[in-house]
Amino acid sequence: MAAPAILITAFVVIGGMATALAQSLGLFPLVGPPSLTVAAYAAQASDLPVGIGLSLAIAAASTVVACLVGFTAALVIVQGRWCGKLVAALGTLTVPVPHIVGAASVSLLLADSGLLARLFNAGGSWPELVGGPWWIGVVAEYGWKESAFVALVVTGTLATRAVSYDETAALLGAGRLSRLRHVLLPLSLPTLTVSATIIFVYSLGSYEVAWLLGRAYPEPLPVMALRLFNAATLTARPEAAAVAIVTTLLSFGAVAAALAYLRRSTLWR
Amino acid sequence: MIPAVRVEGLSKSFPGTGAPVLDDVNLTVEARSCTALLGPSGAGKSTLLRAISGLERPDAGRVLVGGQDMAGVGPEHRGMAMVQQRPLLFPHLNVLDNVAFAGTVRGVAKRAARADAAGFLELVQLAGFGPRPVAALSGGQAQRVAIARALAARPAVLLLDEPFSALDPELRSVMHDLLAQLRRSVNPTVLMVTHDRSEAAAVAEKIALFSGGRMLQHDSVERMYSRPVSLEASRLMGGANEIPGTVRNGCHHSALGALRLPGDTTWPPGPGILLVRQESIEVGPGNGPGLHATVSGLRVLGPRRLVSVDAAGVLLRAEIPWGRALAAGDTVTLSIPTSALAVVDDPDTAHTFPGAEKRPQITVQGLATLASIDN
């Protein structure tokens, strides 16, 4: 039954990766005869470590912010009061907004010429939130958008059992913080881990937000790959593929680490 | 110190429901006693338990534990623990850590909390089960762990919300024995919700009977069966015989004749319905002494039989053991001990009770006899 879906997915994923890998290793040149070489990787060897570090940092910071905000929002939603319903509605509205629209909104809001800077009449003292050295605009956009995703997914997990376990823990003498630490957080951990992995891999591999809200240099890996792919020099295409392959390997590493962690979890088993 | 629990004028309604779920409930549960909250589904028993535990805020009234008003006191500070129909063991913890949960959140060192928990596991006869994941337990084992976890919290008041209703009859009986044993060793004040009369009688000294959010009667198990305060209470306790008549001079006059009522109670004169438990009626051979009757039906109730008889125009039911062969049309004699009789006076509610039409009805002959007595 699942064979057609598996075949199509495998064709796209494995075919795409194989093409990129072949191109990065010189086996699929746009011009000239194919020859096995790591020249494309070597050409970007000086920029890759910085790009890897920056991409990992943005992805990690975005994931942490999204999980913290999303988990808090989920706790508010499962309480079932009016503010929970409001948070659920806001989260539901946030999910379908495209990242590029989110990035434009963050720019309009947080840039030094943006709404908040004008509202507070900050003049030249407004911090470099957009295009600054700390990539705060990028992290804020991912954190905002993905926190809604985390909130809805964790709410789905907690909604059916959070209240009964929370009440049971309360009657065993656990205060609010103890219940959060010893019951709600552990119950949400597998869902949080899966959500965090999805967010980490997404923010590691997507370019548009970092491209719009980040600085020109250093570049995160997906922005670097996009620039190289669109470069006037056709010989840069293997280098773009090399950067994409490095990004993919990092993503695989993150997914493998998450699965290894989940396998140890009682709830996942 | 183990406290008494007192509920005063407790009322609770939920939005969208017409009638209140709890309507002016007053109940006192003595320290170290076990009271069963008995009644059909929707009677308000579980809501009362949740209000006592602090999980539900009442609209009116108050809960006092050891004389202290619990208003504004959170569930975690009330010194209570609850075991529900589902064990609700924390799935991310193994059996031992579930039982050690109360100690852990109290700040007891992990090793000490686990050592304490192992003792409670032993108490519920699950020594050695500590390292197991909760998913590896059977229903009965999981419920024992839930009880051990509740007891490890050292509750002054233990609340049980139909804790054994999902277990098979044999296991329920084992759990009743276990509860009795735990009460001997730990002895907290226990309130247990159940809709099973036999279970209430097996585990509790007193029963509080609920219907439609009201408490109908709170009394000892024996008196709940032998002296129901109303027709509704009698029917909820499973009483099957109701004979209209009149009380005069300590006797109930009906189609059955004049039956002397128990002397330990003053029975007000006037119209009244005589109640006789079906288990109390003895059925003898047709030529023996007693009230003559004719068998009109038989139903098997496992180890016993429910015999329907026509006695002087009144249909009665008697629950008797297997033994002498009986068939419809046989003539028998009935013996009804005085101590088994009670009279209630609320004929107006009789027709409103579900299943009223299936209850024994007085025949035309019986009505005529009653009319002659009243005249």
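Helices here are DSSP runs of H or I with at least four residues, strands are runs of E with at least two, and both are numbered from the N terminus. The model is predicted, so local features need pLDDT of at least 70 and side-chain atom pairs count only at pLDDT 80 or more, while totals for chains, interfaces and linings use all residues. Residues are numbered from 1 along each chain as its sequence is written, chains are lettered from A and ligands numbered from 1 in the order written, and side-chain values use heavy atoms, with hydrogens and water left out.

Chain A turns out to be helices and nothing else on the secondary-structure count: twelve helices and zero strands, reading α-α-α-α-α-α-α-α-α-α-α-α along the sequence. Its C-alpha trace spans about 75 × 60 × 30 Å along the principal axes. Of its 269 residues, 43% are buried (under 20% relative accessible area, 1.4 Å probe, protein chains only). With a contact taken as heavy atoms within 4.5 Å, residues 24 or more positions apart make up 72% of the chain A contacts with a separation of 6 or more. Carbon and sulfur atoms account for 72% of the roughly 14,200 Å² accessible surface of chain A (Shrake-Rupley method, 1.4 Å probe).

How values were computed:
Buried means under 20% relative accessible area, exposed over 50%, partly exposed in between (1.4 Å probe, protein chains only).
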